[in-house]
Amino acid sequence: MLIQQRFKKRKTWSGLWDVSAGDSALMNETSYMAAEREVYEELGIQLSLKDIRLF
């Protein structure tokens, strides 16, 4: 999930934190695959989490 702070001059919910990209995984999709897909769909950024390791 990616978050962003909303523009401070917006009429609604200004300056608050909001979700930039986030959703659920599709059938047969790993959480990494879902994150890569959502970031691309919502932000147009081709993300690769191939070498990312959780601690």
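Biologist: How far apart are the mean positions of the positive and negative charges of the chain?

Modeller: Lys and Arg count as positive and Asp and Glu as negative, with His and the chain ends not counted. Each charge is placed at NZ of Lys, CZ of Arg, CG of Asp or CD of Glu. Here, 8 positive and 8 negative charges have mean positions 13 Å apart. This is a predicted model, in which local features need pLDDT of at least 70, side-chain atom pairs count only at pLDDT 80 or more, and totals for chains, interfaces and linings use all residues. Residues are numbered from 1 along each chain as its sequence is written, and side-chain values use heavy atoms, with hydrogens and water left out.

Biologist: Where in the chain is confidence lowest, and where is it highest?

Modeller: pLDDT is the predictor's confidence in each residue, from 0 to 100. Helices (H or I, at least four residues) and strands (E, at least two) are DSSP runs, numbered from the N terminus. Strand 1 (residues 2-5) has the lowest mean, 84, and helix 1 (residues 31-43) the highest, 89. The chain as a whole has a mean pLDDT of 87.

Biologist: What percentage of the residues count as buried?

Modeller: Buried means under 20% relative accessible area (1.4 Å probe, protein chains only). In this chain, 18% of the 55 residues qualify.

Biologist: What does the C-alpha trace span along its principal axes?

Modeller: The trace spans about 40 × 25 × 20 Å.

Methods
Buried means under 20% relative accessible area, exposed over 50%, partly exposed in between (1.4 Å probe, protein chains only).
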